[in-house]
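I opened this notebook to record what I looked up in one structure.

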Amino acid sequence: MLHVRSIWNGAISFGLVSIPIKLVNATESHSISFRQIHTEDGGRIRYRKVCELEDREVPPSEIGKGYEDADGTIIPITEEDLASLPLPTAKTIEIVAFVPADRIDPLQMDASYYLQASGAPAAKPYILLREALKRSNKVAIAKFALRGRERLGMLRVVGEAIAMHGLLWPDEVRAPEGLAPDTDVTVRDKELDLADALMDTLGEVDLEDLHDEYREAVEEVIAAKAAGEAPPKSPEPATGGKVLDLMAALENSVRAARESRGEDAEHAEVKSLPQRKTARAAPKETGGKKSTSTAKKTAAKKTTAAKKSTSKASQGQGTAKKTASKSAAKKTPAKKSTPRKRSA
């Protein structure tokens, strides 16, 4: 059972059903508190509440509230004045609607409280509201007054209890205008794929495994100085250069995340970056097989051209000879051949 001092007593108004409850804080701070001291001698620096009219320190029992008017006049406001405000939410958490939980903007979320049933008569209507919230898969929106102002609240089931989250009024949440980059940026599919791979690699985490390392480090410093020892030194921060290639940074992040989880980084499904084309062509090799092959091709071309020209010249010469012989045959008459005599 949670033994926490209640900060507000009242009732939940659920239609005509009234549920007496106590409001207790659902969270607690574990941050380390420091005192202000005089650095010269270590003496405590204290603040004293002094009445400026009487110039004397006054005890808490003599301190009340007052509203300063525009002309500087102080108008006293007592706790009785605030308790008798003409509002139904002065001592009541008034449920006004039931909505799906995703209708609530997380930016509106404020402090968290538990609602504790006050006395045995409150048990049944408390459980009735709790079970109705469970079955509807909705949250209740309510109005209540706390610490001098009316607030919005969201009621939901946590375990077997009803919790209430204080909500800011919609006009108290600033719009994110002018905060997003106004430059034209194109995100490539490969970059999104690597971002998805990094998200999958990091995966989920049990929030119970997370702890406040800053507070632990401060406690180590305090313990060391209390023992008269030198406080531990912080490790040197990693000096990272300017990231010029987003793809390379994402690939390295995926690889590092998988290594930290004990996975085989060599089998990580990370695609290598495509090589960029430069404006200048790469210089050709002057030696080796490529140059020899090129020389052979060039020589072969020259030889073939020479053969063709020689063949054409030969054909030209042959044609000239034939023409000359024909013209000579026309000019010179053919001689009659004399038959040979056969010997007896």
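This is a predicted model: local features need pLDDT of at least 70, side-chain atom pairs count only at pLDDT 80 or more; totals for chains, interfaces and linings use all residues.

Residues are numbered from 1 along each chain as its sequence is written, and side-chain values use heavy atoms, without hydrogens and water.

I then looked up helix α5, which spans residues 246-260. Helices (H or I, at least four residues) and strands (E, at least two) are DSSP runs numbered from the N terminus. The 15 residues of α5 reach 21 Å from first to last C-alpha, close to the 21 Å expected at 1.5 Å a residue; the expected span is 1.5 Å times one less than the number of residues.

Next I checked burial (buried is under 20% relative accessible area, exposed over 50%, partly exposed in between; 1.4 Å probe, protein chains only). In α5, I recorded M247, L250, E251, V254, A257 and R258 as buried. They lie on the same side of α5, because they cover an arc of only 130° around the axis, taken from the directions from the helix axis to the C-beta atoms. The buried residues of α5 pack against α3 (189-202), where contact means heavy atoms within 4.5 Å.

Last, I searched for aromatic pairs (ring centres of Phe, Tyr or the six-membered ring of Trp within 6.5 Å; planes under 30 degrees apart are stacked, over 60 edge-to-face, the rest tilted). I found one pair in the structure. F14 lies in strand β1 (residues 8-14) and F98 in strand β7 (residues 92-100), 84 residues apart.
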